[in-house]
Amino acid sequence: MKTIGYQKPLYIQPFDHRGSFETKMFGWHGDLSPEQTAEIAAAKRVIYDGFLSALAAGVPREKAGVLVDEQFGAAILRDAKAAGIRIACPAEKSGQEEFDFEYGADFTAHIEKFQPDFSKVLVRYNAEGDPAMNREQAARLKQLSDYLHQKSQSRFMFELLVPAEKAQLERVGGDKKAYDLELRPPLMVRAIEELQDAGVEPDIWKIEGLDRRADCEKIVAAARRGGRTEVSCIVLGRGENDKKVHEWLATAAGVEGFIGFAVGRTDFWDPLVNFRAGKITREAAVDEIGRHYHELVNLFEAARGK
C-alpha cells in the first residue's frame, strides 16, 4: 500500500466539465451525436493548447498538470501522458447531487486504461445534510479509496463541495457570502473528518476557496490529523472572477499544506466563448488561456515566497 499523501507543488488546469459544457457552453441536451462529441473535444483541445503555451512560456512542467475527462479528452490524456505531464481523470458521474461512479462497476478498468497520476472525484457533502445520502456516498468513496491505495498507481484527489442547506442559509439571512465566510469553513472540517472516519483517505483535498488564513490552517489540520502528515490541499476556482480567485490563492499559498490550485472556468470560459462566437481567433483564445494560467502560477509562487 502506498503512503497516503502528496506534497509536491501542483498547478492543475482542470477542464473535466461535461454536463456544464454540453448545456451552458453549447446549449445541447440529451444524448450527443458523434459530431457534437467531436466539437466538444475540439473545444477542450483549445484549453489544452493554452496550457501547453504556458509551459512553453516558462511554467515548470514538473509542477503542472491537466484534469480532463475520458469522454471528451481521451486524446488529450494520451498526449499529456506521453509528454510526461501529470494527468488527472474524474471518476464521478457529471452533474449529480449524490456521488456515483461514471462507469459503474467498471470504474477500475477506466482508471487503469489511462493510469492517471490522480483519480479525482467531485462530491457534495454537507455534514448537516441528508444522513442516508452521506452514508451512501461515503461507502462508494471508501470503495474507490481502498482500490486506489491498494491496487492502483493513481493517487486520490477529492474535490469537496459543501453546498448550503436551506436551514443554514436561513441562519445567515439568505446571504451566501455570509454562509461562505462563517458557516462553510467549519462544515468543511466536519466533512473531512467524517469522511476520514468512514475510511475515505484522499491524498489531496481540492478545496473551495477560503477568505481567512485561519480557516485554511484548520482545513490542513483536519486533512492531516491522526498521522496523515503528507496529505495536502489545493484550491479550486468555483468559476469565480479573477479578483476573488486571486484572493483565495494568495490566502492559501502562505499556509503550509496548501500546495497549489485547480482553477478552470475562471481561466478558460470567456476566451472559449469568445472564440466560438467568432469574436477572437483560436490563436488568441489559446494565448489568453495560457496567460491566465501562467498568471495564477506566478501569483501562487510569489505568495509562497518562492
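Ring pairs join Tyr11, Tyr48, Phe51, Phe261, Tyr293 and Phe300 into a cluster; rings of Phe, Tyr and Trp (its six-membered ring) are taken to pair if their centres lie within 6.5 Å, with planes under 30 degrees apart counted as stacked, over 60 as edge-to-face and the rest as tilted. The model is predicted, so that local features need pLDDT of at least 70 and side-chain atom pairs count only at pLDDT 80 or more, whereas totals for chains, interfaces and linings use all residues. Residues are numbered from 1 along each chain as its sequence is written, and side-chain values use heavy atoms, with hydrogens and water left out.

In total, the structure holds 17 aromatic pairs. One of them is formed by Phe99 and Phe101, an edge-to-face arrangement with 5.2 Å centre to centre and 75° between the planes. Phe99 is classed as buried because its relative accessibility is 3%, and Phe101 because its value is 5%; buried means under 20% relative accessible area, exposed over 50% and partly exposed in between (1.4 Å probe, protein chains only). Phe107 and Tyr147 also pair edge-to-face, at 6.0 Å centre to centre and with 85° between the planes. This pair links distant parts of the chain, as Phe107 lies in helix H4 (residues 107–114) and Tyr147 in helix H5 (residues 131–151), 40 residues apart. Helices (H or I, at least four residues) and strands (E, at least two) are DSSP runs, numbered from the N terminus. Both partners are buried, Phe107 at 6% relative accessibility and Tyr147 at 14%.

Rings also face charged side chains. The charged end of Lys44 sits over the ring of Phe21, 4.9 Å from its centre, and Arg276 lies over the face of Phe26, at 4.0 Å from the ring centre. For such an assignment, NZ of Lys or CZ of Arg must be within 6 Å of the ring centre and within 35 degrees of the ring normal.

Ile85, found in the loop between H3 and E3, is buried at 3% relative accessibility. Not counting residues up to four places away in sequence, Ile85 touches Tyr48, Phe51, Leu52, Leu55, Arg61, Ala64, Gly65, Ala80 and Asp117, where contact means heavy atoms within 4.5 Å. Two of these partners, Tyr48 and Phe51, belong to the aromatic cluster. Between Ile85 and Val66 the C-alpha to C-alpha distance is 7.7 Å, with 19 residues separating them in sequence. His294, in helix H11 (residues 282–304), is likewise buried, with a relative accessible area of 17%. Beyond its neighbours within four places in sequence, His294 is in contact with Ala54, Ala57, Gly58 and Val59.

Thr266 is placed in helix H10 (residues 265–276) and is buried at 13% relative accessibility. A polar atom of the Thr266 side chain lies 2.7 Å from the backbone oxygen of Glu240. When neighbours within four places in sequence are set aside, the contacts of Thr266 are Gly237, Gly239, Glu240, Asn241, Asp242, Val245 and His292.

The largest pocket has a volume of about 990 Å³. Its lining comprises 41 residues, of which Leu122, Arg124, Glu159, Leu161 and Arg265 lie nearest the centre. At least two lining residues are supplied by each of helix H1 (19–25), strand E4 (118–124), strand E5 (155–161), helix H7 (176–197), strand E6 (204–208) and H10. On a 1 Å grid over the protein atoms alone, a pocket is an open set of points with protein on both sides within 12 Å along at least five of seven lines, a cavity is a set where a 1.4 Å probe fits but cannot get out, and lining residues have an atom within 4 Å of a point. Grid points are joined across faces, edges and corners, and a volume is the space filled by probe spheres set on the points.

By this rule there are 2 cavities of 30 Å³ or more. The largest cavity, with a volume of about 160 Å³, is lined by 13 residues, of which Glu70, Pro90, Ala91, Tyr103 and His110 lie nearest its centre. Helix H3 (70–82), strand E3 (86–90) and H4 give two or more residues to this lining, and H4 gives the most, with 3 residues.

Gln115 is found in the loop between H4 and E4. The phi of Gln115 is near 45°, a positive value in a residue other than glycine. Most residues other than glycine have a negative phi. Gln115 counts as partly exposed because its relative accessibility is 44%.

Terms used. Polar contact = N/O pair within 3.5 Å; in protein donor to acceptor, adjacent residues only side chain to side chain.
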